[in-house]
Amino acid sequence: MDWGLILSNLVHDTIVFSTALIFASLGGLYSERSGVVNIALEGMMIIGAFTGAVMTYAFQDSLGSLAPWVGFIAAGIGGAIFALPHAVASVSFKADQTVSGVALNFLAAGLSVYLTKIIFNGAGQTTTLSQVFSKWSIPGLHDIPYLGHAIFEAYPTSYIAFILVFLTWFLVFKTPFGLRLRAVGEHPRAADTVGINVKKMRYTAVMISGALAALGGATISLTTTSNFSHNTVSGQGFIAIAALIFGKWHPAGAMGAALFFGVAQAIKSLVQIFGLTQYVPTEFIFMLPYVLTILVMAGFVGRSSAPAALGKPYDTGSR
Amino acid sequence: MNPVKNVVEMRGITKRFPGIIANDNITLSVKHGEIHALLGENGAGKSTLMNVLFGLYQPEEGEILINEKSVKITSPNVANELGIGMVHQHFMLVETFTVTENIVLGNEPKNGLQIDIRHAEKEVEKLSDRYGLKVDPRAKIQDISVGMQQRVEILKTLYRGADILIFDEPTAVLTPQEIHELIEIMHNLVKEGKTIILITHKLKEIMAVCDAVTIIRRGRVIDSVLIKDTNPDDLAAKMVGREVNFRVDKIEASPKQTILAVENVTAMGNRGVNALNNLSLEVRAGEILGIAGVDGNGQSELIEVLTGLRKATSGRVLLNGKEITNQPPRNISESGLSHIPEDRHKRGLILDFTMSENMVLETYFHPTFNKNGFLDYGAIDKHAAKLIEEFDVRTPSIYTPARALSGGNQQKAIIAREVDNNPDILIAAQPTRGLDVGAIEFIHRRLIEQRDNGKAVLLLSLELDEVINVSDRIAVIYEGQIVGIVDAKSTTEQELGLMMSGGKGLDGGEKR
């Protein structure tokens, strides 16, 4: 048995599965760093997966291999728009952010399947897309034994995800926008007294959040599944929230946590190679990411590093 | 034109909140280069007025002139542009940010896309040196002292080019040493051409630093005078609306039987070492026993043991001869012990409950308020209305959340509730912390009234003046032990100070 190859495959698959989680948890990071709880990541991912698939379907005959890019960008825009009600409810109307998020999750699940049925003549899922993203091999580097396959043969969306981690870090920790974003999430009144528009910051953050989460959703339908159905996202938005918290609201931390949960998903192919499935039902293997999420949340993370004003609506005139 | 012009003029400012007029036709003029005090009791409307000036609140009526030009201050941004800066009572600082990040927030110097943090740190250092503030620009807010945090607030306003600085109760959170330094800083600021408005209810400070004072009571301006034309008694009377007695008048105590006996109690502190070491004391009916000591010598732990909030590892506590050691708090309170807690926000009130609900926190299960497992809100509200009237708690209504009340009124409400339980012993921990003279006088009177009604009172305070003036006997606590008990009438601050720092009393204290 070639252990190098097995490891190489594991890393390769981990990156595939982590990509969506990285997008979504970065999305969550913007919202939560601004003080708005975003449990609607799941719904935003669903909308992204749906929009990405439908728009790619619409353009795949005319644009060919460009169609997934159109779908991908459309997903981001759709996600930002879909996030707007969450911002309106939790920032302007000071509603409970968890309730608002849960409502969006239900809305996304219902709306996407309903629209799918209308567009695809009553079918519960889109037809399989003829054009999706294909993996890019980085010239030169992908020839490196083992390492090349592991890291340098990946979907373009994976590369974008890793670049976004860096960009987010830069934006959040190095620029005035980031300083203000974090100030609004830690102590909105302090931000207000130095002239920062708390509402505007939070609206912006929630919409960025929707866009990124939707991009994450689109990476699933435009790479691994090649279609959209009701279970395309299947809880990955919640895992992304867990990754965000596990990563202590830091882009690199969230990426690390997303990779960790990615391993849990990738490992099921390993299990099949070893023939373990004859001893352990596959259902248990598929449960792994979710079980790990619970264990991680229960065991390793305190609330100490959460933004101080997370979940608290900001009331300007309160005495 | 006058050589000294008015930099701030507020004319006929009226600001209403639901159920309350916080500012009623207020007029205020502040001259360039002066330190102008805004004096008033808690809840008189000082902070509201300043929030109007700073653009956080919009007044319903009135006009504001800055440098003799009429302006509309619609947001803190506008205030900043007009050169108005505010040092808030509750600091507007992000705990996880550095000093520099907090100062530049909203006005960040840039280098390309990035914040030019190096440049910002240098700027902060320069400003800090110029005004003698000694602030480390790279330190995180959560790691620096409260006094230092306040200087960061001052730097924030200076960095924005403020010429008019509003200080909102700046000394409430400071140690005496820090207050001294702050006064120096304020003098430096005025020397550099700034104008200062100081919100306070502390007469001592006003007399020490201010040039002029405007007195506000219940949302109205009572008077505006120069410091050289006034004195503390006059100011206190104007602030409270009647003569204030700084001395505590009381008749001779006539102690009777022992109500509370603490026998050799030992208890662990939060750091895992003994905070109380074999501590013993007695409080008798008809007397006030004061406990003097430097903060952190076991005072808080003693109160927690007495009220059932902390376990004693050995020893006994007897109330009316009945053992209450390590009983649940409810049993202890039902046995006749009431408690005015040190931290009124944490242990005294549930801030988001209404005043009405807060008044029955310890008694809601009594048949009076509880019919077959349902709360009788009719009875609860009537009870609250009675107490609020009797103890002069100023609240818009009994349905107002406790959070919305001023500190003094919150404390009055707690005292109303505790005294109404008709306890055999009342434990008052720092009952006047952060309150103004009117409220302090009120609370002292209530404690003495308890005593005169033949009840026992245990008073714990970090203010030596208070312990000496209110108590009949004073027990000094040091490292978890009572190191001496003295008669309040014959002792001196020097004697107590010596015992508090671990030296024995002059003649070993008068052991009783």
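**Entry 1: a pair in chain B**

I began with B:Glu9, which is buried at a relative accessible area of 18% (buried means under 20% relative accessible area, exposed over 50%, partly exposed in between, with a 1.4 Å probe and protein chains only). I then noted that this is a predicted model, where local features need pLDDT of at least 70, side-chain atom pairs count only at pLDDT 80 or more, and totals for chains, interfaces and linings use all residues. For my own bookkeeping, residues are numbered from 1 along each chain as its sequence is written, chains are lettered from A and ligands numbered from 1 in the order in which they are written, and side-chain values use heavy atoms, with hydrogens and water left out.

B:Glu9 forms a salt bridge with B:Arg11, with 3.3 Å between the closest N and O atoms (a side-chain nitrogen of Lys or Arg within 4 Å of a carboxyl oxygen of Asp or Glu). B:Arg11 is partly exposed, at 38%.

I looked next at B:Glu181 and B:Arg151, whose side chains meet in a salt bridge of 2.4 Å, N to O. This pair links distant parts of the chain: B:Glu181 sits in helix α6 (residues 176–191) of chain B and B:Arg151 in helix α5 (residues 146–159), 30 residues apart. Helices (H or I, at least four residues) and strands (E, at least two) are DSSP runs, numbered from the N terminus. B:Glu181 is partly exposed at 28% relative accessibility, whereas B:Arg151 is buried at 11%.

I also found a network of salt bridges linking B:Glu41, B:Asp392, B:Arg394 and B:Lys412. My search of the whole structure gave 32 salt bridges over all chains.

**Entry 2: where the chains meet**

How many salt bridges cross the interface of chain B and chain A? The rule finds one: A:Arg180 with B:Glu108, the closest N and O atoms being 2.6 Å apart. I placed A:Arg180 in helix α7 (residues 176–186) of chain A and B:Glu108 in the loop between α3 and β7 (110–111) of chain B, so the pair joins two chains. A:Arg180 is partly exposed at 25% relative accessibility, while B:Glu108 is buried at 11%.

The contact (heavy atoms within 4.5 Å) takes 29 residues from chain B and 21 residues from chain A. I read a buried area of about 2,200 Å² between the two chains, of which carbon and sulfur atoms give 63%; this is the accessible area (1.4 Å probe) that two parts lose on being put together, summed over both.

**Entry 3: nonpolar cores**

I turned to the largest nonpolar core, which has 76 residues (a set of buried Ala, Val, Leu, Ile, Met, Phe, Trp, Tyr and Cys residues joined through side-chain atoms within 4.5 Å). A:Met44, A:Met45, A:Phe72 and A:Ile196 have the most contacts inside it. Helix α9 (residues 198–224) of chain A gives the most to this core, with 10 residues. Leaving aside neighbours within four places in sequence, A:Phe72 has contacts that include A:Phe23, A:Phe133 and A:Leu222.

Which helix holds A:Gly262? I found A:Gly262 in helix α11 (residues 251–273) of chain A, buried at 0% relative accessibility. Not counting residues up to four places away in sequence, A:Gly262 touches A:Thr14, A:Phe17, A:Ser18 and A:Leu21.

Last, I checked A:Glu42, in helix α2 (residues 41–63) of chain A, which is buried at 7%.
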